[in-house]
Amino acid sequence: MLINVQTIAAHNEARLSAHTRRFSSIAGELTGVDTIIEKLIDFQIAIPSWALGTGGTRFGRFSGGGEPGTLEEKIADVGLLHALNRSSGAISLHIPWDIPSDAKKIKELAAAYGLRFDAVNSNTFQDQPGQKLSYKFGSLQHVNRAVRQQAIAHNKEVIRHGVELGSQSLTVWLSDGSSFPGQLNFRKAFENTLEGLREIYAALPADWKIFVEYKAFEPNFYSMTVGDWGQSLLYANKLGDKAYTLVDLGHHLPNANIQQIVALLLNEKKLGGFHFNDSKYGDDDLTVGSIDPYQLFLIFNELVEGMDVRSMNHARDLGWMIDASHNIKDPLEDLLQSVEAIMIAYAQALLVDTRALQDAQENNDVATAQEILQQAYRTDVRPIVAEARLRSGAALAPLELFREQKIRERLIQQRGEQHKATGL
Ligand SMILES: [Mn+2]
């Protein structure tokens with residue numbers, strides 16, 4: 001492990017008096033800060049195994065050095081993040097990019113870092129070496145039953161891997177759709193997909209959930225067979241109680257009101273999981289909170305309010321994961337920034353005076369409603385988030401510690417300059 005308890009303690013010691021000054025100031029102005037801090041400590045965000053290396057676009061990829069090349073190294077990287085912030089206590093695997101050769105050993109390794117396995121993700125959007133039939137024209141929607149059966153068998157295999165690792169959910173994102181008018185019969189594509197999802201659903205263990213992730217466009221550009229939350233919700237409703245919609249923040253058309261989507265899905269008891277990222281145009285997969293932190297806050301506001309109305313546990317009743325691609329930043333630094341942005345938005349949402357907001361809404365007091373939300377959003381909660389880290393044994397300033405300890409340089413020394421992450 002490149003970071004140990006002593007290093008973190010020394011880092012915190014050096015920053016303690018400045019931190020305490022800032023924290024006391026904000027804590028003195030607010031009520032219930034300790035409750036907020038407890039919720040922040042509980043809240044864990046899963047890191048996907050594919051986000052630990054440099055991503056790319058179809059034009060090119062500019063790899064950094066010291067990327068994890070094996071599943072063991074990916075787990076070590078998430079362990080490092082978790083040691084730094086104590087908020088990244090789970091890893092989400094992508095099959096077949098990360099098939100554990102010895103599930104028991106991998107589970108033990110993850111546990112040694114304090115990590116559990118979050119949702120497992122299937123992949124029928126690309127052909128694997130040696131694969132019999134191609135997914136060029138889709139997987140579960142395919143006109144050829146044999147292709148559909150191959151995709152169903154793959155999802156069942158992913159569930160089996162997940163069971164061995166102690167995971168309890170399967171995320172299905174389909175690239176299925178069409179790129180030209182007339183290419184696809186929409187109804188048949190929907191029915192084939194539903195039939196396939198039903199077979200996969202039937203293979204779920206009793207305590208498992210299936211998340212149906214939607215995306216508006218790309219790689220198909222005329223239609224997507226699970227293109228929006230309406231389509232996803234249709235599948236989820238038809239499948240049954242273990243099926244939920246998964247919201248990936250980058251998978252909407254520009255200007256979509258994601259906070260409203262979230263509120264309604266929660267109300268229907270059909271919101272299952274979240275993929276965090278940020279975007280300017282489409283599925284840009286940028287650092288969470290880097291473009292529109294206010295939208296992130298508004299989404300969290302709906303999440304907190306909606307979960308509280310249903311007495312849900314914020315940390316455990318929904319699946320929280322980052323799904324981003326780091327093309328020009330160090331992936332680990334990007335992930336530290338993303339987790340920080342999520343914790344800040346969550347803390348701000350916890351500050352919203354829900355009762356006053358309800359009063360304002362009941363009285364059509366639009367100006368007050370806006371004031372209440374922006375009062376919470378404009379509160380600098382960073383010392384509260386840092387205090388939560390301090391109390392859970394993490395670093396007061398994770399990104400600074402990452403740089404002070406020259407972690408990337410040491411990973412390059414260990415793994416080599418040219419070491420590239422698999423799977424991207
Ligand atoms: Mn996603």
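## Helix 5

At 1.5 Å a residue, the 21 residues of helix 5 (residues 145-165) should span 30 Å, and the end C-alpha atoms are 31 Å apart, which agrees. The expected span is 1.5 Å times one less than the number of residues. Helices (H or I, at least four residues) and strands (E, at least two) are DSSP runs, numbered from the N terminus.

The buried residues of helix 5 are Val147, Arg148, Ala151, Ile152, His154, Asn155, Val158, Ile159, His161 and Gly162. A residue counts as buried if 20 or more other C-beta atoms lie within 10 Å of its own, exposed if 12 or fewer, and partly exposed in between, with C-beta atoms placed from the backbone. These buried residues pack against strand 6 (120-121), strand 7 (169-173) and helix 6 (186-202). Just after helix 5, Gly166 has a positive phi of about 85°.

## Basis of the model

The model is predicted: local features need pLDDT of at least 70, side-chain atom pairs count only at pLDDT 80 or more, and totals for chains, interfaces and linings use all residues. Residue numbers run from 1 along each chain as its sequence is written.

Helix 1 is hardly covered, with two buried residues among its 25.

Helix 3 is mostly covered, 13 of its 15 residues being buried. Arg86, which follows helix 3, has a positive phi near 55°.

## Packing of helices 2 and 10

The axes of helix 2 (residues 33-42) and helix 10 (residues 331-351) come within 10 Å and cross at roughly 145°. Axes are lines fitted to C-alpha atoms, for helices over the stretch in contact, and angles run from 0 to 180 degrees between N-to-C directions.

Ile36, Lys39 and Leu40 in helix 2 meet Met343, Tyr346, Ala347 and Leu350 in helix 10; contact requires C-beta atoms, placed from the backbone, within 7 Å.

## Asp283

Asp283 lies in the loop between strand 12 (271-276) and helix 9 (293-309). Asp283 is partly exposed because 18 other C-beta atoms lie within 10 Å. The C-alpha atoms of Asp283 and Gly250, 33 residues apart along the chain, are separated by 4.4 Å. Leaving aside neighbours within four places in sequence, Asp283 is in contact with Lys215, Glu218, Gly250 and His251.

Methods: Contact = placed C-beta atoms within 7 Å.
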